[in-house]
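This report concerns the model shown below.

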Amino acid sequence: MIMTITVVGLLTLMAIGVPIAWALGITAFGSLMLMGVPLHTIPQKLFSGMDCFPLMCIPFFIFAGEIMAVGGLSTRLLNFALLFVGSFRGGLPIASVIASMIFGGITGSGIADASALGAVGIPMMKKAGYGQTFAAAVVGAAGCVGPIIPPSIPVVVYAMAVGGVSIGGMFAGGVLPGILIGSLLMILCYVLSRRRNYPKREQRISPREFLVGIKDSFLAVMTPVIVLGGILGGIFTPTEAAAVSVVYAFVVCYFVYHELKLSELPAMLLRTGVTSAVVMIIIGTSNILGLVVAFEQMSVKLGVILKPMGYYGFIMTVNVIFLIWGCLMDMNPAILILAPIFAPIAMLLGFHPIHFGLIVCINLIVGLITPPLGEILFIVGPMAGISLEELSKEILPFILVEIFALLLITYFPFFTLYIPQLLGYIR
Amino acid sequence: MQKINDVTSRLCKVLIMVMVLLMTLVIFAQVIMRYVFLAPFAWAEEVGRYLLIWISSLGAAYAVRYGMHISVIFISQKLKGYTAFAVGMVIHLMVIAFSFVCFAEGLHLSLRQWDQLSAALRVPMFFAYVAVPFSFALIIMYTLEHMAKGVASQMSPKSRLGKEDGP
């Protein structure tokens, strides 16, 4: 009974446009009242949901992304990639995917990735004659790789919400899926560029140009080496690595590239704080609703329905539910509320926690570029000056490629478990 | 009310900026202390966590005033005129009810934490917990301001002719 009220109430509130953070809180408030739970648990759960050291990497990753986008790091990453693939047909979109992947090794957010590369890549592709719709689709689709290649905000949120899985292990597990999706996107860029006869750069890169280019982009390319190497090598916790990357990005952009002005800093600090707060408060209010979910034993009840489906039936259902959710809704509430319900059932069916966690996260990350509510679409569309309809049509093959990759990742645990095994996260 | 809200939101803004900067420096210093001086601060993690709670609470309030919270606008943006106004008011009232619980119960909770000292810093936990009631008091104020603006625009003669969209 209360379960039905909670579910219907939450969906109704979200549909009529209550901000998601408050929709979660109001639903939890109503349900807890009906259950007769003392109301002081509400601020208590709100507080304890946000009181968590690993979550601190969210503001740091956002901050680092802000600095790198303004400070000229993303331009240099793109130039770096162009040194290697610039003379192929479709070299520019391919380079933009590569740059997105490298940027993904610094940032944990798809939106940060797409906006940083979009600001540089879209005008460049437009100038080279690729057409702005294609440019926006490439940058948007490649943005999804950002949170899959570690570090990753959704992975941190997942590990916090579900528990019993190491953040480092999930990060390691994201490496191969990120490379897989990135490579498939590059192949798609190449095929589309050939078929549509997009221009090709005529002159080759001279060895001198190559060396100068490497020298100019070296410090930028080092950033993911520090962040990723630091986390996967066990030197930093993800939070510390994120803080180090903020300081590193600042030092490089301010002292070496001279493209960051101190006068821009206050606005960046405010944007960082408010953007993270919007995510953090959702985590807090989800934590209140989590109490209702736990009291009502939703996982057990749902398990009765889902467990008889078996391993493959279950995971297919999960894929479909999370893909649809990703099309319609922000990913954080899904990770915070749905994942803790589904994860225990998955464990019973024999999924490895790292494998299942990454399936859920990647599923929702693909939702970042699916219309009608892909957050990345709302960022790259206006950047290229095109409508959501045009962009949705152009990005469709990219979505299909990512869904194909998602299925590979789902049905072959190799992709998510090989590197964690190598690094000793799984014995 | 608008004047008070202008002052408090500017205060939020400054506090958020300072706290984000502080949090970054504290955690970075922690890494340096551990690897270079081999003497980590015991208090860095705690300070960082409580700064994060303050940033999140104040940022959430700031985002209420400037309409920066994530919501699903799929259906609600199709609503027009009086329906949009009415739905908007109901939403605001619900937000106020929830915020009031967080404010009142949160205040009660933080006052009870006065004797409770934090693990590393030995400071009353009150100073961490009070972020919640403080910010929800602001959220109530900001939501009331939105309601007042909504009513004012609904009352204006232009929208009565149905030419303007709702709030």
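## Basis

This is a predicted model, in which local features need pLDDT of at least 70 and side-chain atom pairs count only at pLDDT 80 or more, while totals for chains, interfaces and linings use all residues. Residues are numbered from 1 along each chain as written, chains are lettered from A, and side-chain values use heavy atoms, without hydrogens or water.

## Nonpolar cores

A nonpolar core is a set of buried Ala, Val, Leu, Ile, Met, Phe, Trp, Tyr and Cys residues joined through side-chain atoms within 4.5 Å; buried means under 20% relative accessible area, exposed over 50%, and partly exposed in between (1.4 Å probe, protein chains only). The largest core has 215 residues, and those touching the most other members include Trp22(A), Phe314(A) and Phe98(B). Helix H14 (residues 265-295) of chain A gives the largest share of this core, 16 residues; helices are DSSP runs (H or I) of at least four residues, numbered from the N terminus.

Beyond four places in sequence, the contacts (heavy atoms within 4.5 Å) of Trp22(A) include Ile281(A), Val64(B) and Phe136(B).

Asp113(A) belongs to helix H7 (residues 110-127) of chain A. Among the contacts of Asp113(A) outside four places in sequence are Ser100(A), Phe103(A) and Ala142(A).

## Surface patch

Phe412(A), Phe414(A), Tyr418(A), Leu422(A), Leu423(A) and Tyr425(A) make a nonpolar surface patch of about 610 Å². Patch residues have over 30% relative accessible area and no salt bridge, with nonpolar side chains (Val, Leu, Ile, Met, Phe, Trp, Tyr) joined within 5 Å and like charges within 9 Å; areas come from the Shrake-Rupley method with a 1.4 Å probe, and for residues only the protein chains shown count as cover. Tyr418(A) lies in helix H21 (residues 414-422) of chain A and is partly exposed, at 36% relative accessible area.

Key:
A salt bridge is a side-chain nitrogen of Lys or Arg within 4 Å of a carboxyl oxygen of Asp or Glu. Helices (H or I, at least four residues) and strands (E, at least two) are DSSP runs, numbered from the N terminus.
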